Amino acid sequence: MTNPTGSLAAPPAVDLADPALYGAGDPESVWAALRRDHPVHWNDSPTGGGFWAVTRHADVQRVLKDTATFTSAQGMRIGHNPTATAEAAGKMLIVTDAPRHGRIRRVISSAFTPRTVARLEQNMRTIVREELEPLLAGEPREFTDFAAVLPVAVICDLLGVPKSDWAFMLSSTRAAFGASEVDPIARLEAHAGMLAYYADLVDFRRDEPGDDVISALVNGLVDGVPLTDEEIFLNCDGLISGGNETTRHATVGGLLAFAADPGQWRTAAADPEGMDGVVDEILRFTSPAMHVLRTAARDTEIAGRPIRAGDPVAVWMPSANRDETVFDAPERFDVRRTPNPHVAFGVGPHFCLGGALARTELRVLFTELLARAEGAEPAGPARRLHSNLIWGYESAPVLLHPRDGRERR
């Protein structure tokens, strides 16, 4: 497939699907050029085919909201395995369209009871305080290690994983979904171990249900029919992957943004009641979920560009969150930015199911961090993750400066 419409001017000479662009290149300048000259741009793949890249805020929102025109069931990421996607479509929430999507979503959402949410928030505070203490010892630390602990603990708590198994899930998720240098065989083995664990936990929760997502999935009905084990496993996988990545990389990116602008640190620390706005700016500025893929279910157009039925369409959230027509000085990290209509969690029916939980995690984490440290600085170069799906970090050594007057080394 090639671009059927031609182009107005020479587009940026890059392959937007190349993970190396996001690990070592400058994607922000590429997105800026596309927003300006090619907001709906056909990206040819060197291996054949390609996709439309949608980079403006309004067009990204339109694609994500118009689920009748743009289907999720044919894959949600560039480079997906079509066979695996076809097997998961209609079963796994992120590759399922209405009306079944809404019915599965309601089953999962039923686990988010007020009692569960209150328990999760209390546990978040305990975990953050415990994990933050070593970082306040006045020595350089690898911040990605700290950032990985809370989201995995929270999603394990939500799924109903016993606390004794959280360390196993942390190591498994980092191997299965984490750093790009992980050996492919080790990645597959870690994923297989997680699937076997889900199977054991499902059997346990059938006998001893609790206030957790797996119990909700085990006992839930969709169109009057129980979910199969495969459907339960697929949605556990989606939850633990999504629940881990966004919060972890937003935490690292947010800390680095604060370190680069100490004035923003002081502003946020002086107004703990304004932490919700701080969290929104961290999410906008870091935009960990990089793209979402949809497929045109019928002939249509986006911003005047004809799109044919069957065309893949990738919307780029970091670009939408830096759209100059929506955000004033979008390249600036501004904790008092208002309004802040970012799309870090998507929009429409597929809005991130755990979005409210991720916001709470970030609010708790940065409230504690800003209260207990007076600043931070890089202790070495940060290294970006090589991924066209997650805009995040493999490494970020930092030095926190504690507020309690302890000696800094």
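1. Leu-159 touches Leu-201, Asp-212, Val-213, Ile-214, Cys-236, Leu-239 and Ile-240, leaving aside residues up to four places away in sequence; contact means heavy atoms within 4.5 Å.

2. The model is predicted: local features need pLDDT of at least 70 and side-chain atom pairs count only at pLDDT 80 or more, while totals for chains, interfaces and linings use all residues. Residues are numbered from 1 along each chain as its sequence is written, and side-chain values use heavy atoms, with hydrogens and water left out.

3. Strand β10 (residues 312-316) is largely enclosed by the rest of the structure, because five of its five residues are buried. Buried means under 20% relative accessible area, with a 1.4 Å probe and protein chains only. Strands are DSSP runs of E of at least two residues, and helices are runs of H or I of at least four, numbered from the N terminus.

4. Strand β2 (residues 50-54) pairs with β10 in the parallel sense over three bridges, and Val-54 stands opposite Val-315. Strand β7 (residues 291-296) runs antiparallel to β10, joined by five bridges. Pairing requires at least two DSSP bridges between two strands.

5. Helix α6 (residues 114-132) meets helix α7 (residues 143-159) through residues including Leu-120 and Met-124 in α6 and Phe-146 and Leu-150 in α7.

Conventions: Buried < 20%, exposed > 50% of the residue type's maximum accessible area, 1.4 Å probe, protein only.
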